[in-house]
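Please look through the two-chain report below alongside the sequence and the model.

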Amino acid sequence: MLPVGDSAKLEIIFDTKTYKSKVSKKPKIQTNEGPPDKRVTITATITPRPDSTYPIRIVPYKVDLSQFSDKVIDKAEFVITNVSEEPLDISMIAFAQDYFSVELPDKVKPGETVSGIIKINDDYLAKSFNKSFTIELSDPQSSRFTVPIKRTIRTPGNQDRVKIIKKGK
Amino acid sequence: MKTLKQLFLILISVLVFAGIAASAPRLTIAESSFNFGFVPQHSKISHDFWLLSTGDDELKILKVVPG
């Protein structure tokens with residue numbers, strides 16, 4: 001229920017699976033406004049070879065911040081290499097700001113490698129999630145790249161809790 | 001006098017009916033499309049869309065159907 005003038009966030013999660021090339025999805029939102037239902041559209045260019053993209057390469061192309069022990073893993077570094085012959089500006093388009101922050105260089109020269117850092121916000125350190133961030137370049141195509149961010153939490157403390165819950169059942 | 005009373009009642013009824021007819025929920029999506037660009041295979045990515053209730057009545061989101 002959304003009172004007049006209020007807003008709500010709708011999160012669309014997309015699993016790229018083994019899709020190839022350009023994919024478009026249009027989830028439908030049914031409301032008491034009646035037909036026609038409204039839609040949102042997401043598009044993505046799924047690449048089976050993320051290690052050979054152009055004009056930049058991002059390493060790692062997927063960031064895994066999973067934690068399987070008591071040792072806290074709350075940040076990760078990634079690098080962006082400009083494999084084109086033109087300087088590129090980098091801008092952040094979207095990221096799950098509730099979950100993490102991203103330090104992103106704003107320029108990368110031809111042949112240069114620059115680094116960025118993802119840091120999980122304290123409120124989400126104890127949670128597992130699958131999120132992502134999207135950047136856009138200043139090349140003529142305004143190319144965009146999305147980096148998936150995955151965090152799975154399985155600490156010894158959590159496993160004990162799972163066992164207790166199972167025993168209780 | 002009686003006619004005037006009747007006219008007044010009709011006018012009130014019309015205004016109430018018009019008010020009811022005009023009050024309708026309305027969904028506005030601030031940005032209804034998003035381009036992720038290049039994405040690796042076997043990954044889960046996400047994007048948040050903002051849904052706004054811009055009508056004259058409460059908006060109920062009944063269902064989101066994957067497309």
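Predicted model: local features only at pLDDT ≥ 70, side-chain atom pairs only at ≥ 80, totals over all residues.

Residues are numbered from 1 along each chain as its sequence is written, chains are lettered from A and ligands numbered from 1 in the order in which they are written, and side-chain values use heavy atoms, with hydrogens and water left out.

**Chain A**

The secondary structure of chain A consists of one helix and 14 strands, where helices (H or I, at least four residues) and strands (E, at least two) are DSSP runs numbered from the N terminus. Chain A has a radius of gyration of 20 Å, well over the 15 Å that the globule rule gives for 169 residues, so it is more spread out than a compact globule; the radius is taken over C-alpha atoms, and the rule is 2.2 Å times the number of residues to the power 0.38. Along the principal axes, the C-alpha atoms of chain A fill a box of roughly 60 × 50 × 35 Å.

An automatic or database domain assignment divides chain A into domain 1 (12-46) and domain 2 (49-151). The C-alpha centres of these two domains of chain A lie 23 Å apart. As for charge, chain A carries 28 positive and 22 negative charges, and their mean positions are 10 Å apart; Lys and Arg count as positive and Asp and Glu as negative, whereas His and the chain ends are not counted, and each charge is placed at NZ of Lys, CZ of Arg, CG of Asp or CD of Glu.

**Chain B and the chain totals**

Chain B contains one helix and four strands, and its elements run α-β-β-β-β from the N terminus on. The table sets out values for both chains; buried means under 20% relative accessible area, exposed over 50%, and partly exposed in between (1.4 Å probe, protein chains only). Accessible areas come from the Shrake-Rupley method with a 1.4 Å probe, and for residues only the protein chains shown count as cover.

| Chain | Buried residues | Accessible surface | Carbon and sulfur share |
|---|---|---|---|
| Chain A | 38% of 169 residues | about 9,900 Å² | 49% |
| Chain B | 27% of 67 residues | about 4,500 Å² | 66% |

With a contact defined as heavy atoms within 4.5 Å, and among contacts between residues at least 6 apart in sequence, 58% in chain A join residues at least 24 apart, and the corresponding share in chain B is 52%.

**Backbone features of chain A**

Most residues other than glycine have a negative phi, and most peptide bonds are trans. A cis peptide bond joins A:Tyr54 and A:Pro55, with omega about 5°, and A:Pro55 lies in the loop between β5 (41-47) and β6 (56-59) of chain A. The bond from A:Val59 to A:Pro60 is also cis, with omega near -5°, and A:Pro60 is placed in the loop between β6 and β7 (63-64) of chain A.

Positive phi values are found at two serines. A:Ser21 has a phi near 55°; this residue lies in strand β2 (residues 21-25) of chain A and counts as partly exposed at 47% relative accessibility. For A:Ser142, phi is near 50°, and the residue sits in the loop between β13 (129-137) and β14 (144-151) of chain A, where A:Ser142 is partly exposed with a relative accessible area of 36%.
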